[in-house]
Amino acid sequence: MDASWLTFIGKASYLLAAALFILGIKRMASPVTARRGILQAGVGMVIATLATFALTGTHNLGWILAGLAVGIIPAWWSGRRVAMTDMPQMVALYNGMGGGSAAAIGAVELLRFAGVGAAPSMSTLVLGIVGALIGSVSLTGSLIAWAKLDGRLDKRFTFPGQQVANTIVFLAAVAAGAALLFQLEVPLVIAFFALALLFGVLMTLPIGGADMPVVISLYNALTGLAVAFEGYVLQNEALIIAGTVVGAAGTLLTRLMAKAMNRPISNVLFSNFGGGGAAQEISGSQKPIDAADAASLLYLAEKVIIVPGYGMAVAQAQHKIWELTQQLIKRDKDVKFAIHPVAGRMPGHMNVLLAEAGVPYDLIADMEDINPEFPTCDVAIVIGANDVVNPVAKTDPSSPIYGMPILDVSLARQTIVIKRGKGTGFAGIENALFYADNTRMLFADGQEAANRLIAELKGIDAGGGH
């Protein structure tokens, strides 16, 4: 085939791939169309990859196929096996890989030009350095986020003068990058990447666990920007478009997540949120309840709101909770699920779990829609949620989560909290809701608690009611 026709087909394929990327991300915004959106974006990536072969030729084909195998096979295997509780860690890892790939492109190009003693155009060099900086920060920052989510690192790590040290490292990385504009030498390239990678580690270490959903979405945005910049360096339209779309979507999501926590992004990055603090002492005690009494409350209730959290994911209890919900609906109860924007360990975590269990979308309500309904709720069931229902966010200015919008579970007439023990949430603070007069604690694994409640409800029916 004539080279001009190959070029035309390749460019047209990039345009088609870009359309599929945009449509795919748009459809990922809704649980109803998310699966279709993921498939569309995947098809777009396959088209873009094949188009790249058409435009650049198939030299080094062996290395290319080996790289594809190294990427595809482990990703397919791990994606099939990963538990839903580990999905946030996988997202953080894959996001880091994207940033690392952009940084690697920048490193190869900078080292190549340093080796031949010739520099590209100033615009190409600037974007290559900026993309490499952002990609490096995203790589190591995402790896630290993964380690925190996976319990391999403490939720926060601080030392005196940390922000000053971080600023110095960042400015040193920027200075090294600026120096590369005038003196493209291998030792300077190595120093630049070492500083950029170090800054990603230092920036993420002090951030508390409660901020991890925001951090993940922020690094997703940074990865997209890095890919777009390096796409310009390679003059690859598919990378430019895909990176720009991902960067824009990640930026919007980060802003939405920060807004959901009522905190500016700068506060997330530099205030060590979620690390605990000198909070006011909580009076009262946690009052346990057994499954039989909890089932009686549910049997007599007319309106029930279920609030899922990360503990539901750990217990893999979403299917049993849906079975319990079906039992309540059969008894003419008005049942809804209340979702906080930052519940779980990544954006949309609870929506994914509930969709996996088959919960209809019309039963799932966002925080702004469901909060006015808590005062008329007879029983609220909290399963695995902690910080997102903690009323000290509204009442205690000394609390590290003060100002964060929460689900108003404390306004329900009765609350049943399903929890394995008396531990604190991911922010590391006590939950005043658990000590409230209208709250009862059902200490059990999520699946076990749901099974008991289902059995007790059926027993009440068999016994003619209470």
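I started at the end of H13, where aspartate 332, just after the helix, takes a positive phi of about 65°. Helices here are DSSP runs of H or I with at least four residues, strands are E runs of at least two, and both are numbered from the N terminus.

This is a predicted model, so I noted that local features need pLDDT of at least 70, side-chain atom pairs count only at pLDDT 80 or more, and totals for chains, interfaces and linings use all residues. Residues are numbered from 1 along each chain as its sequence is written, and side-chain values use heavy atoms, with hydrogens and water left out.

Next I checked the length of H13. Its 13 residues should span 18 Å at 1.5 Å a residue, and the end C-alpha atoms are 18 Å apart, which agrees. The expected span is 1.5 Å times one less than the number of residues.

Then I looked up burial (buried is under 20% relative accessible area, exposed over 50%, partly exposed in between; 1.4 Å probe, protein chains only). In H13 the buried residues include Ile321, Trp322, Leu324, Thr325 and Leu328.

I moved on to arginine 331, in the loop between H13 (318-330) and strand E2 (334-339). Arginine 331 is buried, at 16% relative accessible area. Leaving aside neighbours within four places in sequence, arginine 331 is in contact (heavy atoms within 4.5 Å) with Tyr299, Leu457, Lys458 and Asp461.

Last, I turned to helix H3 (residues 61-81), which holds leucine 68. Leucine 68 is partly exposed, with a relative accessible area of 33%.
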